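Good morning, and thank you for coming.

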Amino acid sequence: MNNRVELRSYVRYQLTQLGAVNGAHAFEQLCFELARQRHVPNLLPATGPVQSGGDQGRDFESYRTFLASGPLARSSFAARAAQDLLVGACTLERNNLPAKIKRDLTSMFSSGEKPSQVLYFCQADLPVAQRHKLQAHCRETYDAALEIYDGQAIADQLADADTFWIASQYLSIPANMFPTEEQDEDYLKLRIRWLDGTAEPEDYADFLDVKRGVRSASHGETVRHDLERWIAVMRGFETRLPEGRLRQKARYEITVAELRGRGDLDPARSLVDAFFGVLPGLEARAVDLLDAAVLSVYCWGAILHKQTTLDMGQVATWGDQVSALVEAAEGATNRKGERCTLLEARAMLAGLTAIEEGPEAAVRNVLAAWGEVLTLVKNTQHYPIAHIADLVDQFAPLVADQPAFQSLRDQIEELIDSRTGQHAVAKRSYRRALAQFEAGNRLAAIDELQKAKLGWFSGDEMEKSVMAMLLLAECYAALHLHVAARYYAAGAAYIAVNADDEDVRALTPLAAFLLADSFFGVGEGMSFLRAFGAALQLHQLLTPHAEGPVQTEIEEGLVKSAILVHVMRRLAPDIADEVDRILDEWPMPREDFEAHVAVAGAKDSAWALDDIPDLEARVAESFGTSPFADLGETRSTRWSALGIEWEVTSSADSGARAAALSLAAILQVLQVELANAELLIIPSTATLYVTLGDVKRPQVREARGERLGWEVMMPRVTSGDDDRQTEAIMIVAQVLGGLSAMSEQQFTAAFEGAFKRGLSYRANSVRPARELMVFAQEQLGDTPSRLQKLKARTVAGDLTPIEPAELAWPTTPGPGYSKAKADEVLGNRYRLPFEMAGPSLQRMLGDARIRGLLLEVRAQGYRDWQILGALLSMVMQFQAQATLEGPHDIEGLSEAFRQRSRRGELPDDPEIDLASVTPETLRDVLFASTASVLQTWGLRINRQAVDPKGVRRLLDVRYRQADDDIPHKDILA
């Protein structure tokens, strides 16, 4: 139908056909449902045949609810319920209709309780004047009100969205004839697939789709006409699937839809019996038991509202059954979230105690139970509060005047206000994060997302919190910080996998794809293939029809996989069998994927290189790491940030690897938080060698000998929720402090600034970092142990990690630098060497061999003042040693050097042996002199093993040592 006018005409036509096919019973049912839907809900059908007189002329009548003066007076049901007796009648007769109505009125008022109002439905049209006469007759004769709805009026009401299902059911009008109204785009997609298409429900993903459709039609008036068809689709789960949780969920959804959407529980009576019949034999989760408790209360309410023929004793039995299951579940769990849900179930069931103990006892029990729920929820940050408020509102009219309820209500509102305020901040932060991310401002996006993650970290907004964590993973990955990306992707996946909320659980595939991508980012190629295959399986199980981000991840992942497999087969043919074994587990036809591999190796592809060294160079250039990082007995993860080339190394043992990655994750997160802090990092390399030991706290020390870097021993065993995050941050602080040229006091002040900005919560996720790294490894099955037995390998070429621009080492002038001060210092550096050792310097500069060495040094970028400083240092060192007789210690030599540095050169000072000036000694002294320049700017070296090139670069770039100079005489002219 194009519009409601056309639909109304068609409904009117179908009404006329009822008389032609003897449709009196259908018309009676139609009028009964229309009266309940549009007029009063508390109606009962008459017991006698419609045309036999056994119903005393009454086809249906209201029952007294006694709610108007009770505690439920403000409920939606009580607000519409008729408090005086109302009766209804209907007829298909067309001839002499006013006489028929008068005869029926006589029957209604001749026996039984006198009604105060009559609803009369007739298929034939009745002129307005005749209707008014009949209404006056009823009022004057029986002192009662009469409302008459003729065929036109009935058709008009049945053409509305909330009542069209009645026309569809009793007039055989197809549901899809209802005119299309402006509807939610997502709902329209669901409707096209499930109601207008030929899809049949099969799996969990389908259930989520159909559940959304059922609930939309149950609660939304504009799509209420679709409800019957949605229920029919949902029944497909109940009939086609094996017994289990999904079938139970279908029963629950159908029952609630029948009751809330159509006001009658009996059409789902067999499903309710089945739900409670199989419940004891199922391994029900806490959320399933809450569903059972809620369904018990729905059944109880349906009895009270005359919406079912269920027996109250049966409902009480079901309530006792669920209570026993809840009690058993409480004793078997120590998880706060589950305990909150189970306490909710107990609170819902408390209302059923009214059946045996009476309403006053039930009120006390309900309030006490919800008080326990709220106490625990207050201490469970991530648990939803809004739905608790909705549940409490349902029984509020019963207990509104109770002081205990008022206190409970106030506490709930206070908690909601608190968390709602956080949610509002989170919403704004997330909106800004999206804008920053799209603009390429990834650090700013991370800053906003960290706020959003925290503000949404509650059950009411857990879906949004997971989305924030997934976008965080994308941001870190874009910065080539793939371990931090794994940290947040694993956290998001952990929440989604364990979520009771189906919408949150539906995010599992997207989280799995981002988790898989983190393996690719660090060069763990085989692990990536295994994780990507597992993500594909989750996608097919949970969201096979999803588009957008999931589809993008699939397409990009297939391209990466194809290139990776092509490269592996060329560079490491001995592992081809293991590659094939992983690919055989993928939930896609092998020939389809091999077609992608063929494209990657085609002649026009950038990867179609015949020469192995050329292919290795391409891998090094494109990946920045070897794709074989997960083979062999050791594991190394490398990245570049803040001017440091980082490497975290451990054995391939799962425990050691998880500990190493947890430290790397915290380190990468902190590097982002410290990106704008002035740490005066000396550019160099930093390797952390991570092992496990029987220690209570992490131990860290600078490595000795050939193993430059830091040795970190992590506790072999961690307990419960002890995330050791603070200790991990302190390890990172110690390492960064060793790489800084600041004093300890300056560095601590800079680091504390990051703490004030929320460093602790920003480095935090849903579970301890090591636990999430173990969780990520578990998604690989037995693949890690198999890879550990394979030969370790790498690729030739410059495997230099890519340093993102946002985390690049700063090149701005360092703290304390000024050109004026630099010029002053340079003047002293040209003057003092000749004042302190003029004769010796003239001898050295006059020697042709030495001048040749110095010219080479100058060609390397050293300035004349640096050369003079190095020569002065050599002279003073030589002359200080000459003052000592016999063996001498370091302390004695240091004292002699200090004495020499306090005066100028004397005529009797020994002449330096010019042969001692060699390229090696000159190099060492130049570095020592460079280090002494640090003191000029208030800087220092904080580690034992220092890269001289890094120190020189710091001074050359941040303190303009390579650029600044003053006019002076050429010392080598």
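Predicted model: local features only at pLDDT ≥ 70, side-chain atom pairs only at ≥ 80, totals over all residues.

Helix H36 supplies the largest share of the lining of the largest cavity, namely four residues. Helices here are DSSP runs of H or I with at least four residues, numbered from the N terminus. A cavity is a set of points on a 1 Å grid over the protein atoms alone where a 1.4 Å probe fits but cannot get out, and lining residues have an atom within 4 Å of a point.

Residues are numbered from 1 along each chain as its sequence is written, and side-chain values use heavy atoms, with hydrogens and water left out.

The largest cavity has a volume of about 120 Å³, a volume being the space filled by probe spheres set on the points, which are joined across faces, edges and corners. Of its 13 lining residues, Leu 826, Trp 865, Trp 937, Tyr 959 and Gln 961 are the closest to the centre. Helix H36 (819–846) and helix H40 (919–936) are the elements that give two or more residues to this lining.

The second largest cavity has a volume of about 80 Å³. Its lining includes Arg 245, Tyr 252, Phe 275 and Asp 291. Helix H11 (245–262) and helix H13 (286–304) each give two or more residues to that lining, and H11 gives the most, with four.

I turn now to the rings. Rings of Phe, Tyr and Trp (its six-membered ring) pair if their centres lie within 6.5 Å; planes under 30 degrees apart count as stacked, over 60 as edge-to-face and the rest as tilted. By this rule there are 21 aromatic pairs. Phe 207 and Phe 237 have ring centres 5.6 Å apart and planes at 85 degrees, so they are edge-to-face. This pair joins helix H9 (residues 204–219) to helix H10 (residues 227–240), across 30 residues. Phe 207 is buried (under 20% relative accessible area, with a 1.4 Å probe and protein chains only), at 0%.

How are the rings of Phe 276 and Trp 318 arranged? Their centres are 4.5 Å apart and their planes at 15 degrees, so the pair is stacked. Phe 276 lies in helix H12 (residues 269–278) and Trp 318 in helix H14 (residues 312–331), 42 residues apart. Both Phe 276 and Trp 318 are buried.

Definitions and conventions:
Buried < 20%, exposed > 50% of the residue type's maximum accessible area, 1.4 Å probe, protein only. 1 Å grid on protein atoms, 1.4 Å probe; cavity = no way out; pocket = protein on both sides within 12 Å on 5 of 7 lines; lining within 4 Å.
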